[in-house]
Amino acid sequence: MSTNGFEPQIVAFCCHYCASAAADLAGSMRLRYPPNILVIKLMCTGRIDLLHILRAFEGGVDGVMVAGCLEGNCHFISGNTQAKRRVQYAKQVLESIGVGGERLEMFNLSSSEGPRFAKIATEMTERIRNLGPSPVSRQKKEVVK
Amino acid sequence: MKAGSKLEQALVEGRFAVTSEIGPPKSVDAEVVRRKARLLRDHALAANITDNPTGVVRMASIACGLMALQEGMEPIVQVTCRDRNRMAIQSDLLGAAAMGIKNVLCLTGDHPSLGNHPQSKPVFDLDSLQLTQMVRNMRDEKQFQNGEELNPEPRLFVGAVENPFGHPLQFRSVRLAKKVNAGADFIQTQLIFNIKRFREWMQEVRDRGIHERVYILAGVGPIRSAGAARFMRDRVPGMDVPEEVVQRMAGVERNEARKEGIKICVETIQELREMEGIAGIHIMALEWEEAVGEIVETAGLKPLPMRLAASVSPER
Amino acid sequence: MIVGEQKPLDEIRDQISPFKKVLILGCGTCVTVCFAGGEKEVGVMASTLRMAGAVSGQEKEFLEATVKRQCEWEFLDQVAEQIASVDAVLSLGCGIGVQAIAERFPKVRVYPGLNTSFLGMPVEQGVWSARCAACGDCVLGRFAGVCPIVRCSKSLLNGPCGGSHDGVCEISPDIPCGWQLIYDRLEVLGLLDTLEEIVPPKDWSAGMGRGGRSIVREDLKI
């Protein structure tokens, strides 16, 4: 399958205290990162639920990233470690239905890591671009045709 | 006499009794049972016939008991609560008694999840105490578990087991007393490697005066290798194998291990014989029946209790 | 409460494979509290099945609904129209819910999405544990409030078997020995001597194995 011209859509659930701030910092530092990423700000990645991740894929995105604070640095003590377990479970669900667990990833970073956010966003975009369109959206488009 | 078995006679007469164990085959190979019976009959007074031990399906204990009987080895048929409800157990026991089986050993049974049919439905309609009481009542009260009359009744010498090493430790002598109150005529214990703990338990047993109301046969068995010792220590539920025993087995050359295992067993027997309240020894050879003769001889348990027993007229 | 867990996805997909339009029906009571079949789990199940269908190229439609209690017909009647509009119902209720649907809607195909595991309670977030076997003849009074039927692997009534070690059951180090729990409670309450009594065989006829048991209360009938 050719990925020529394919531009993935990726949702990034980002924690207000770290990843979100890091994304802003990347912007003010005028660092480039792919426009494929749609950032959704959460107060904490502990807010993430399996349903959010599934609904995102069902709605047609090709990849999802969850970005929270470094482990041990959560403002709500354990939100990011809870998110980690939920992401792990969601990966299994996605794998079992043929969407693919590798389309979902969790990252941990601090608010000062603007450059790292840009790097993660670029790498994730690259990963999804290589994987091609999500089988869910691919089928949907064919049905529409 | 309650049942008139050779085991009962020996115990009543105050002779130090030796029992052993026969594991049925995992097939219809009757020769396995017959061979073990021939191997043990000159060394032990009676032999337990295990009932699907460790939850692994094997030939029925009653059937094997009859084969042992034909070979001149008195059987102690084991009955567990795991695979049969009170109806099946009673009906089996009527058949067993009618066919000439005189000793029965009442156990809870290992859980099926530890065996080779882990998906089967565990029964446990009764527990070992209730089973013991039921068998005693069948014989002494001449009644079925439901209270209906049973005539003629099965004359069975009723055994039960106790594990002095199970937890909570404080409850173990209480449980023994309960089993005796329920009707146990004799008790066989779990394999003893931790003599110190066993002594403590026996002290409690004597303090409660239980040893005067029941015949206690202390369980022993030869360890084959250091690996076997470790396996029993770590993997067999309810076993207490002290580090010094493992070290002793590990401390000898590989080809000397079996000899050392027998030596430990004989030493244990000698210590047990000195204890007040021990009426005999139950040797569990665990598929090493060849060792039993040597153990009995080395431990000085001859003259053969079996031959002595044979000279006693078989009356009730 | 009744504790259940979701069946493996493959089994669920297998059960509903012949149907085009399926209602996923949750229950707002026990299985909501144990995160197995409430409104959110209905959403997750619907989303999962829709995507699985899309990926494998099947055109299926999944409706979502959750009622307060699947085990009462009055609540099921509230979704009667939706039930009538689908080829099958995938119930995320317990086994009682599934059967209530079957009884209320004789012509409707209904399938279980959960395995009803036991009667129990949450012991910590994300952990549930069995507490009752619904044996029909409660013995908790005798055993200091700890049930030997359900907490002892062998349902023993006269004390622990020989496999109890360091407080755990012989079948798994993850299972506390029910009898150690009973023993400890009785010790605290100063009631250890009650263990010396022989408990007679239990009357199991009050429990399982009698077809559909019923309780009839004439005083409550209308």
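A salt bridge is defined here as a side-chain nitrogen of Lys or Arg within 4 Å of a carboxyl oxygen of Asp or Glu. The structure is a predicted model, in which local features need pLDDT of at least 70 and side-chain atom pairs count only at pLDDT 80 or more, whereas totals for chains, interfaces and linings use all residues. Residues are numbered from 1 along each chain as its sequence is written, chains are lettered from A in the order in which they are written, and side-chain values use heavy atoms, with hydrogens and water left out.

Between chain C and chain A, three salt bridges are found by this rule. In one of them Glu64(C) pairs with Arg55(A), with 3.5 Å between the closest N and O atoms. Three residue pairs across the interface of chain C and chain A are in polar contact, both residues being at pLDDT 80 or more; a polar contact is a pair of N or O atoms within 3.5 Å, where, within protein, one must be able to donate a hydrogen and the other to accept it, and residues adjacent in sequence count only if both atoms are side-chain atoms. Helix H3 of chain C (residues 39–55) makes the greatest contribution to the side of chain C that touches chain A, with ten residues; helices are DSSP runs (H or I, at least four residues) numbered from the N terminus. In total, 13 residues of chain C contact 15 residues of chain A, contact meaning heavy atoms within 4.5 Å. The buried area, that is, the accessible area (1.4 Å probe) that two parts lose on being put together, summed over both, is about 1,300 Å² for chain C and chain A, with 67% on carbon and sulfur atoms. Of the area that chain C buries against chain A, 41% is supplied by Val44(C), Met51(C) and Val55(C), more than by any other three residues.

The interface of chain C and chain B involves 27 residues of chain C and 31 residues of chain B. About 2,400 Å² is buried there, and carbon and sulfur atoms give 55% of this area. On the chain C side, the most area is lost to chain B by Lys154(C), Ile198(C) and Pro201(C), which together account for 23% of what that side buries. Zero salt bridges are found between chain C and chain B, while 17 residue pairs, both members at pLDDT 80 or more, are in polar contact.

Within chain C, domain 1 spans 2–118 and domain 2 spans 133–206, the bounds coming from an automatic or database domain assignment. The centres of these two domains of chain C, taken over C-alpha atoms, are 37 Å apart.

Technical notes
Helices (H or I, at least four residues) and strands (E, at least two) are DSSP runs, numbered from the N terminus.
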